Amino acid sequence: MSSNIQKRTVYVGGLEDQVDRKVLEAAFLPFGELKTVEIPVDMKTGKHRGFGFVEFLEIEDAEAAMDNMHHAELFGRTLRVNLARAQNNKPTTESNRPIWADDFFYRKKLQDEGMDEAEGLEGS
């Protein structure tokens with residue numbers, strides 16, 4: 001996400017199960033022209049995960065939406081509306097792997113100690 005897109009995209013948390021893309025779009029349309037509206041879906045359950053993203057064409061429209069919709073109520077739930085963060089701030093399965101899961105670090109350690117792979121493996 002470029003910083004310009006980030007400034008135009010808002011995160012909307014606290015969505016009720018009934019809220020779909022069309023409802024979210026209708027709720028934010030009064031603040032300006034929308035580029036995209038997304039509600040990520042849980043692959044296992046097929047339901048959304050209680051949050052979505054609304055991208056506006058103009059930064060000022062995104063700011064107006066945050067000012068007006070943060071702590072607003074939609075389908076009986078209080079919304080949290082903030083600037084969206086870049087996707088890479090989210091932990092991935094790769095970030096949960098131990099450092100030794102990739103033998104690159106093992107080979108580098110052997111090189112740093114002055115051994116190549118063959119020398120390091122001869123002693124085993």
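## Sheet and helices

In this predicted model, four strands make up an open sheet with the order β2-β3-β1-β6, and the pairing is antiparallel. Its edge strands, each pairing on one side only, are β2 (34–38) and β6 (80–83). From one strand to the next the twist averages 20°. Strands (E, at least two residues) and helices (H or I, at least four) are DSSP runs numbered from the N terminus, and two strands pair if DSSP finds at least two bridges between them.

Five bridges join β1 to strand β3 (residues 51–56) in the antiparallel sense. In this pairing Gly-13 stands opposite Phe-51 of β3.

| Helix | Lies across | Angle |
|---|---|---|
| α2 (residues 21–28) | β1, β2, β3 and β6 | about 140° to β2 |
| α3 (residues 59–69) | β1, β3 and β6 | about 150° to β6 |

Axes are lines fitted to C-alpha atoms, for helices over the stretch in contact, and the angles run from 0 to 180 degrees between N-to-C directions.

Residues are numbered from 1 along each chain as its sequence is written. Because the model is predicted, local features need pLDDT of at least 70 and side-chain atom pairs count only at pLDDT 80 or more, while totals for chains, interfaces and linings use all residues; side-chain values use heavy atoms, with hydrogens and water left out.

## Thr-9

Thr-9 belongs to strand β1 (residues 9–13). Its relative accessible area is 4%, so Thr-9 is buried; the class covers values under 20%, with exposed over 50% and partly exposed in between (1.4 Å probe, protein chains only). Apart from neighbours within four places in sequence, Thr-9 contacts Phe-53, Val-54, Glu-55, Asn-82, Leu-83 and Ala-84, where contact means heavy atoms within 4.5 Å.

## His-70

His-70 sits in the loop between α3 and β4 (73–74). His-70 counts as partly exposed because its relative accessibility is 30%. With residues up to four places away in sequence not counted, His-70 touches Ala-65, Leu-79, Arg-80, Val-81 and Asn-82.

Val-81 is eleven residues from His-70 in sequence, with a C-alpha to C-alpha distance of 4.6 Å. A polar atom of the His-70 side chain lies 3.0 Å from the backbone nitrogen of Val-81. The side chains of His-70 and His-71 also make a polar contact, at 3.0 Å. A polar contact is a pair of N or O atoms within 3.5 Å; within protein, one must be able to donate a hydrogen and the other to accept it, and residues adjacent in sequence count only if both atoms are side-chain atoms.
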